[in-house]
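Here is a short report on one protein chain. Look at the sequence and the structure first, then read on.

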Amino acid sequence: MAVKVKVNAEACIGCGLCVGSYPETFEFDADGKATVIGEMDEAVVDEAIGNCPAGAIEKE
Ligand code: SF4
């Protein structure tokens with residue numbers, strides 16, 4: 001099932017982990033922060049949230 005996520009741009013440090021791992025869901029915005037461009041497979045949402053070093057990814 002697809003799940004909606006969001007990125008807290010204030011918290012994002014622009015490390016690129018989510019963008020590199022899940023390019024169908026995240027891309028960099030003009031400020032070098034991750035932004036959401038698509039939904040995420042439910043199976044990997046918790047992994048993406050857990051791997052973000054800034055705790056910036058949240059379920060919507
Ligand atoms: S993994 Fe977290 S800190 Fe790194 S770019 Fe993605 S949202 Fe930002």
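Phe28 touches several residues beyond its neighbours within four places in sequence: Gly14, Gly16, Val19, Lys33, Ala34 and Thr35. Contact here means heavy atoms within 4.5 Å. Phe28 sits in strand β3, residues 26–28. Its relative accessibility is 39%, so Phe28 counts as partly exposed. The cut-offs are under 20% relative accessible area for buried, over 50% for exposed, and partly exposed in between (1.4 Å probe, protein chains only). Cys15 lies 13 residues from Phe28 in sequence, and their C-alpha atoms are 10 Å apart.

This is a predicted model: local features need pLDDT of at least 70, side-chain atom pairs count only at pLDDT 80 or more, and totals for chains, interfaces and linings use all residues. Residues are numbered from 1 along each chain as its sequence is written, and side-chain values use heavy atoms, without hydrogens and water.

Now the whole chain. The protein chain has two helices and six strands. Their order along the sequence is β-β-α-β-β-β-α-β. Helices (H or I, at least four residues) and strands (E, at least two) are DSSP runs, numbered from the N terminus.

| Property of the protein chain | Value |
|---|---|
| Box filled by C-alpha atoms, along the principal axes | roughly 30 × 20 × 20 Å |
| Buried share of the 60 residues | 28% |
| Share of contacts with a separation of 6 or more that join residues 24 or more positions apart | 50% |
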